Amino acid sequence: MSGQKNVVFITGATSGFGQAAARLFAQEEWSVIITGRRGDRLKLLEEQLAPLASIYPYVLDVRDAESVAEMVSTLPEEFSHIRTLINNAGLALAPVKSQEVSLQDWHTMIDTNIKGVVNVTHALLPKLIEYGKGASIINVGSIAGEWPYPGSHVYGATKAFLKQLSYNLRCDLQGSHVRVTDLAPGLAKTEFTLVRTGGDEKATEDLYKNTIPLSAEDIAQQLYYIANLPDHMNINRLEIMPVCQAWNGFSIEREKK
């Protein structure tokens, strides 16, 4: 694809990791496709980034497979030669025990974190394969896809799916030159926790109190690094935690006598 500008397709670009990534890639003069469900935020982000790079905003619900396919099939020529896909759209809900969670919350996480990634990836695979050397799929997973903890339930399971999907895509794409990475952040301070707690600002503040968590910009830097690896290199999985976060051993229930 000599002569073509680098194009990155970012889902969930209206906040958090996705928005920070859009800013960084635009600063580095990539052409950026920004998608998300909140049109007002997309418009504002487009206005902020337009002086830096070519921006293509599109209001998109990744859970809607038909809308995703239609969007991809109608991309302008300038944005059609996609080098990097960042599957960032996702969410966690109801950080309580499984027996206390509504079934709808589980379905929402499955539809967004699994079906959304599958919809976008399937639609863009032909374009990424056509691009060839240098193309990348970066799936934003989570340490929850590897390490269980109370209240993670279906969220952690969706991220475990994402990890295994990334590995399996690597197998199927061997010979196409398309790289696939599962980027798995740990404790990070974004709107993520506010959404997860249903807007509970105190719970969010308590979680990050007296810590130095990862920032959206920290993860954006890693996304940009992965996208710009030499063509022959692939990071299969990159797990990142802040220094203040570590494992806490197994929980043991002791009988009362």
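Modeller: Let's start in β3, where Pro57 is the bridge partner of Ile34. The model is predicted, so local features need pLDDT of at least 70 and side-chain atom pairs count only at pLDDT 80 or more, while totals for chains, interfaces and linings use all residues. Numbering runs from 1 along each chain as its sequence is written, and side-chain values use heavy atoms, with hydrogens and water left out.

Colleague: What makes β2 and β3 a pair?

Modeller: Two strands pair if DSSP finds at least two bridges between them. β2 and β3 have five, in the parallel sense, so they qualify. The element names come from DSSP runs numbered from the N terminus: helices are H or I with at least four residues, strands are E with at least two.

Colleague: What does α2 do around there?

Modeller: α2 packs on the sheet and touches β2 and β3, with its direction at about 175 degrees to that of β3. Touching, or contact, means heavy atoms within 4.5 Å. The angle is taken between N-to-C directions, from 0 to 180 degrees, using lines fitted to C-alpha atoms, for helices over the stretch in contact. Helix α4 (residues 103–131) lies across β1, β4 and β5, running at about 175 degrees to β4.

Colleague: How many strands are in the sheet, and in which order?

Modeller: Seven, in an open sheet with the order β3-β2-β1-β4-β5-β6-β9 and parallel pairing.

Colleague: Why are β3 and β9 said to stand at the edges?

Modeller: Each has a single partner strand, so one side of each is left without a neighbour in the sheet. The twist averages 15 degrees from one strand to the next.

Colleague: What ties β6 into the sheet on its two sides?

Modeller: Five bridges join β6 to β5, and four join β6 to β9 (residues 237–240); both pairings are parallel. Asp182 in β6 stands opposite Asn139, and in β9 the bridge partner of Asp182 is Arg237.

Colleague: How do you know whether β6 is enclosed or open?

Modeller: Buried means under 20% relative accessible area, exposed over 50%, and partly exposed in between (1.4 Å probe, protein chains only). Seven of the seven residues of β6 (residues 179–185) are buried, so the strand is largely enclosed by the rest of the structure. Arg179, Thr181, Leu183 and Pro185 point one way, and Val180, Asp182 and Ala184 the other way.

Colleague: What makes the β-α-β unit of β5, α5 and β6 right-handed?

Modeller: The rule is this: with the strands pointing away from the viewer, the path from the first strand over the helix to the second runs clockwise. The unit of β5, helix α5 (residues 153–173) and β6 is right-handed.

Colleague: Why is Ser15 called buried?

Modeller: Its relative accessible area is 17%, which is under the 20% limit, so Ser15 counts as buried. Ser15 lies in the loop between β1 and α1 and touches Arg38, Arg41 and Glu191, leaving aside residues up to four places away in sequence.

Colleague: What makes a set of residues a nonpolar core?

Modeller: The members are buried Ala, Val, Leu, Ile, Met, Phe, Trp, Tyr and Cys residues, joined through side-chain atoms within 4.5 Å. The largest core here has 34 residues, and Ile10, Phe25, Val32, Ile34, Ile86 and Leu223 have the most contacts inside it. Elements giving two or more residues to this core include β1 (7–10), α1 (16–27) and α8 (216–227). A second, separate core of 29 residues includes Phe9, Val72, Leu125 and Leu128.

Colleague: How many aromatic pairs are there, and what counts as one?

Modeller: A search of the whole structure finds six. Rings of Phe, Tyr and Trp (its six-membered ring) pair if their centres lie within 6.5 Å; planes under 30 degrees apart are stacked, over 60 edge-to-face, and the rest tilted. Phe25 and Tyr224 have ring centres 5.1 Å apart and planes at 75 degrees, so that pair is edge-to-face. Phe25 sits in α1 and Tyr224 in α8, 199 residues apart.
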